[in-house]
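Here are my notes for your first look at this model. Keep the structure open while you read.

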Amino acid sequence: EFGVGKTTIAQKVFNDREIERDFDRRVWVSVSQTFTEEQIMRSMLNTLGRGKCWKDDANELLKKINQYLLGKRYLIVMDDVWSEDVVWWQRICQGLPKGNGSCIIITTRIEKVSRKMGVKEVRIHRPKFLNEDYSWLLFRKIAFAASDGNCIYPDLEDVGKEIVEKCKGLPLAIKAVGGMMLCKTPYYREWRRIANHFRDELIENDNSVMASLQLSYDELPSYLKSCFLSFSLYPEDCVITKEQLVHCWIALGLV
């Protein structure tokens with residue numbers, strides 16, 4: 001399920017201090033929908049600090065990955081795998097050193113993909129939707145951050161819970177809407193307008209994550225919409241530097 005928190009959970013594990021101590025090497029690869037076998041290998045080498053290998057073919061890249069991981073206890077995360085054609089993975093997996101208590105984590109919204117990549121049933125973790133209480137707690141922490149996550153406006157609680165209910169327990173949807181509500185004036189009339197807008201978005205798109213993202217974009221002032229659209233210039237899962245983005249906005253005359 002999109003927005004249920006698969007990548008977030010993997011990041012919590014990957015960045016945990018104990019995990020950092022237990023593994024000699026940690027490699028995070030954002031696979032996503034558009035990738036090539038060589039791109040993935042180059043991404044792995046970049047993470048290992050061995051990125052100067054532009055002329056190498058796939059065989060050479062795999063050899064270098066093996067060399068840098070040989071004798072090391074490593075953790076590899078393959079995040080957001082879509083393709084059911086996993087020949088690329090079988091090739092990479094065969095080239096990785098075995099033993100030493102190493103571990104590989106795969107995140108995917110398609111269960112068949114994880115099985116094809118060799119994950120056994122006992123190893124599959126299926127994140128659950130947030131229940132009503134946890135959904136409201138997450139929303140409060142974001143939407144009412146100025147008051148330490150406490151809803152100090154009694155007239156907003158019911159309409160706030162109505163908005164949260166429309167998120168259907170998906171953390172990404174709750175965070176998107178909560179972040180938007182943080183910037184809104186704490187007046188019932190304004191929150192009721194947002195709740196109605198969200199309802200209309202859900203009628204158009206019966207996916208609470210996409211509806212919440214569309215809602216948060218629709219509610220941006222026009223000058224921020226132009227700034228936001230600049231992100232479409234970057235490839236998926238690209239690391240974006242703040243300075244570069246600001247320079248782009250200046251060059252476009254947006255700021």
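1. Start with a term. A crossover is called right-handed if, with the strands pointing away from the viewer, the path from the first strand over the helix to the second runs clockwise. This model is predicted. In it, strand E2 (residues 74–81), helix H5 (residues 87–95) and strand E3 make a right-handed β-α-β unit.

2. Look at how the two strands pair. E2 and E3 (residues 103–106) run in the parallel sense, joined over four bridges. Leu75 has Cys103 in E3 as its bridge partner.

3. Now step back to the domains. Domain 1 covers 6–123, and domain 2 covers 132–219. Their centres, taken over C-alpha atoms, are 36 Å apart.

4. Next, the charged pairs. The structure has 18 salt bridges. One of them joins Arg26 and Glu20, at 3.9 Å from N to O. Arg26 is partly exposed, at 23% relative accessible area. Glu20 is partly exposed too, at 44%.

5. Is Glu219 buried or exposed? Buried means under 20% relative accessible area. Glu219 has 14%, so it counts as buried. Arg193, at 36%, counts as partly exposed.

6. Finish at the surface. Phe228, Leu229, Phe231 and Ile240 form a nonpolar patch there, with about 340 Å² of accessible area together. Leu229 sits in helix H12 (residues 222–229).

Conventions: Residues numbered from 1 in each chain as written. Predicted model: local features only at pLDDT ≥ 70, side-chain atom pairs only at ≥ 80, totals over all residues. Heavy atoms only, no water. Pairing = 2+ DSSP bridges. Domains from an automatic or database assignment. Patch = residues over 30% accessible without salt bridge, like charges linked within 9 Å, V, L, I, M, F, W, Y side chains within 5 Å. Areas by Shrake-Rupley, 256 points an atom, 1.4 Å probe, with all protein chains shown as cover. Salt bridge = Lys/Arg side-chain N within 4 Å of Asp/Glu carboxyl O. Buried < 20%, exposed > 50% of the residue type's maximum accessible area, 1.4 Å probe, protein only.
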